[in-house]
Amino acid sequence: MSGELEQILLQLTQPDNAIIQQATAQLKLAFKDPAIIPALCAVMTGSQNSQIRQSAAVMLRMRVKKHWKKISPDHRESLKAVVLQAFQQETEHTVRHSLSQLSAVMVKHETPDRWPALFTLLNQSTKSNNPMDRQVGLLLLSKVVESNPEPFKPHYRQLLQLFGTVLRDLDNPTAMYYSILTLTAMTAYTGTEEMNLMRSLIPTLIIALRHLIKADQDQASEAMEVFDELMESEVSIMVPHITEIVHFCLEVSADTTLTDSLRVKALSCIAFLIRLKSKTVLKQKLLNPILQTVFPVLSAAPPPGEEDPEDEENSNEDDTDNESPKHFAAQVIDTMALHMPPEKLFHQLMPLTQACLASDNPYERKAGLMCLAVLAEGCADHIRTKMLSSMLQTVCQSLSDSNQVVRSAGLFALGQFSEHLQPEVSKYCAELMPLLLGYMSALNQAKIGHVTKAFYALENFLENLGSEIEPYLPTLMETMLSALSNAENLKLKELAVSAIGAIANAAKEKLVPYFLPVIESLKGFLTDTRDEMRSLQTQALDTLSVLARTIGKEVFSPLAAECVQLGLNLTNAIDDPDLRRCTYSLFSAVSTVSPDCLNPHLTAITTIMLLSLKSTEGVTAHLEEDKTFVLLDDDDDDEAQGDTILDEEGTDNVDPDIAGFSVENAYIDEKEDTCDALGEIAFNTGAAFQPFLESSFQQVYELRDFPHEDVRRAAFVAMGQFCRAQHKVWQENPTEADHQALQKLLGVVLPSFLEAVHSERERQVVMGVLEAMNAVLKACQGEALQSPGRLQEISQAIRDVLKKRTVCQDGGGDEADDEEQQAEYDAMLQEFAGEGIPLLASAVPAETFQPYLNELLPLIMNKLSYTVADRSFSVGTLGEILQSLVNVSGGRACAGKLSNQLLPVLVAGVRDSDSEVRNNSVFALGALAQAAGPLVARYPSIIMKYYPMMLSLFSNLLSKEQDRRVIDNLCAALCRMIMSNMEGVPLEQVFPALLAHLPLKEDMEENKTVYSCLAMLYSQKPALVRLCLLETQNTLVMLLRDVAQRHSKEFEVAMKSLPAEQKMKLTGAVSQS
């Protein structure tokens, strides 16, 4: 049979389709004969044609991979012998490579202990004195270990010693390459006993990589992935050598003679190290060397006649495949901003940035602006409080630069500032809007690539303007509607549609006059089925979702059912992940306005959404070589389908043909948005969603381990939404079945939240988990803490975050922590944890929570000596805790016990230089008075000590405070004091002072407190209230006008209940200007 088989394989190499098709049919027949295995073995060892030998090895590998169980034991044993014999006698590298891949597949089934001859060959060849034998042995070793690393664990120590020798053989770079690949495969399985040996290899590894770069840059680029694997699996191996690793990576990054791929690997390795070990990077004084290398990369001009990818006219701003060193240099600075204390970073970074901004070279000016742009997210507080004016001035000046490359970078920076430096950046509206509107006035003349960047800046700025947008609304909408009607360029229409969404976010119901023409345009785009309309349709769905949430229920509700049908029609007609993603967002937006419109379609909606969560579409396997025979083995025997997936152990998850996987961003975004939408729809549709809750939860729950962090975060958030949805259903219909369903759900979700807080590596995911857990605690209260030990577990998780003991905080690391200075996002993570404390305090009796509160309070109070943001968080959290204690059993007594400890802290906060700290301190003192005030009957000394001092403090502050929000909170704090203990307040002096500062101007949430106090005083001290109001009639009129404006419907109802004469007087007073 082997002679015929060789002839068939030879025909497959002919450049004639008819011959290839005939040979393929013959081969399929041959594969049905059990003798195919020995026949292929004979060809693999005996053919004179190396291409045929390689083909036979590939065919055997496919046969083994899919049908190992069907191969007879005799054939298996002979195959094991033949493959090793062939490997030893083979002289062609391509055939050896295929033989090593065949061995790798066999190792998946025949573990090394059942194949002693493989070990013997590996031992002999890797230790051979002949360099070529060693190289070939290391090739085989790398493939079999990559295929199944775990069975080789008992030999890791021996292998590491071998690599120590091979990596010093600098004259054999290919052997070094195979050693490093094997080392990479082993890393994830390395135990503590091999750690020290591995650690000692790092300096040798760096020298080997240097030599490999000179020999073969592509192999070196692949070998450098060993650092990624070490950082992913066991970064502590690298820590002692971090200086050498960083200097090596900087050397590679700076060398412009090397390939982009190699330089990008080096820069991304530096960024990864900064993410994981920023404190070590700072401690080893590596910040300056990194910046000195990164800045020249960031500011390099492209080759003559070329442009940077983002500056090309046809560039797509959504294109994330920019794998240039310049792009990764900016990422290094972005990572520093997110993971280093701003004070330390800015001290060394700003001189370099300012030198770039002042340069005559446009690409250096661009680099300076890109640097400012990427700092905005991670160092937002620092920039907002210390540098915003000067940085904005720099960016604004760049918008009139003579070079378009610089102007584009300025627009990008302005967009980043607008996104991350709110609300302060919106205060520069008068200066920035004319500049941005100037760009809009020349839409048709400018190049679309540049216009895209102008729209990016405009959108981000408009989105957060709120009512400040009103004067610009007519000009903006005229420009956008004109672009929708007249622009020939579809990209320009898409940008205008997107901008309308941003305008709607700010203008809300003020956009109603423009609603009809906008909706007509959007409908036109959404019903046009041409392929070139796809991107515009996606954007139209996005903007439609924004309008549903912002334009007002009365205006949008009539369209709700039509929107749902439109979305379903689009998902049925068009297979596109972006379109599906935006359709799901539209469904969730409609659920906030008109949930009943979704109910009839929930079966269809959940079916397509769950398919999006399950789908592996967009996952691309990168094959190692061109597979000529992939189709041959697909359907060679239908009855064999049963064993194509699982081997004896039940797993077959590593395919040696596959070098790696990548997932298209569109499919990641689809999964993320599907989770977000599903959670919101479940909550808003309530009982109607019950039949779909379990299947939806199951699918979302499985994504908590998804490789991409955005999907993991969205899955955790959706799990929290499902808990809140089930709680709402139980509250509306309190049956035992619904209660059990809620407890079952909480019993799965809360432990998975707590596990993620401790073990998840991505800080953003942990922040999402803490936020979701807080939302569950707020909604479910005591129900969330029914399980024994749950209160302790959540308190422990909060404590661990506040003490920086979790994995994403580099917890339990080997560095002393400089507690005072940390990255802003690290502080933000702790704030999310701190927000859980008052929620726990309000969910259980104070006596139950007191032991945990005693442990947590010092951690919150420790932050009082740090940054403004820390002080604000600390006193704000204390205030929220005190307010929570007001309404729980034993809460007032608990607040009374805490008052001695908290009062000095809060009094100091009232005198702080920062208005937000003062504001939060005033609120906290009011909450303390509200909680502890009624204890006076039992503990009269409390009132004697505290009330007069607090009143004096407030009186002093009220006389000089300029910040309106602080004044509003002072009014509310006085009201809390009055309501808590009227006898302790000299009302004759305090009440007129209070009235003089009403109505509230900024903190409208406190209106409830103020009006409750006025109502109580009027019922208990009517003479005093009448006297004061007569003396301050203007205040009374202003209060009435304020109520009439803010609560017009309720005010009208109240007016109708009055006698005609009083109604007339009141109407006259309110309507007078």
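**Notebook: a helical chain, predicted model**

Started with α18: I find Pro 342, Leu 345, Phe 346, Leu 349, Met 350, Leu 352, Thr 353 and Cys 356 buried (buried is under 20% relative accessible area, exposed over 50%, partly exposed in between, with a 1.4 Å probe and protein chains only). Helices here are DSSP runs of H or I with at least four residues, strands are runs of E with at least two, and both are numbered from the N terminus.

Residues are numbered from 1 along each chain as its sequence is written, and side-chain values use heavy atoms, with hydrogens and water left out.

**α18, continued.** I looked up what covers those buried residues, and the list includes α16 (287-298), α17 (325-339), α19 (362-378), α20 (380-386) and α38 (824-834). I also found a kink of about 40° at Leu 349, shortly before Pro 351 (the bend is the angle between axes fitted to the seven residues ending at a residue and the seven starting there).

**α25.** This helix, residues 473-486, has 14 residues and reaches 20 Å from first C-alpha to last, close to the 20 Å expected (1.5 Å times one less than the number of residues). Its buried residues include Leu 473, Leu 476, Met 477, Met 480 and Leu 484. I see the buried residues of α25 packing against α23 (429-440), α24 (448-463), α26 (490-507) and α27 (515-526).

**Arg 799.** I located this arginine in helix α37 (residues 790-802). Arg 799 counts as buried because its relative accessibility is 17%. Its side chain makes a polar contact with the side chain of Gln 796 at 3.0 Å (N or O atoms within 3.5 Å; within protein, one able to donate a hydrogen and the other to accept it, and residues adjacent in sequence count only if both atoms are side-chain atoms). Leaving aside neighbours within four places in sequence, I get contacts from Arg 799 to Glu 855, Leu 856 and Leu 859 (heavy atoms within 4.5 Å).

**Cysteines.** I count zero disulfides (cysteine sulfur pairs within 2.5 Å). The closest cysteine sulfur to that of Cys 780 is in Cys 723, at 6.3 Å, so it is too far for a bond. Cys 780 is buried at 3% relative accessibility.

**Whole chain.** Buried residues make up 55% of the 1073 residues.

Key:
Predicted model: local features only at pLDDT ≥ 70, side-chain atom pairs only at ≥ 80, totals over all residues.
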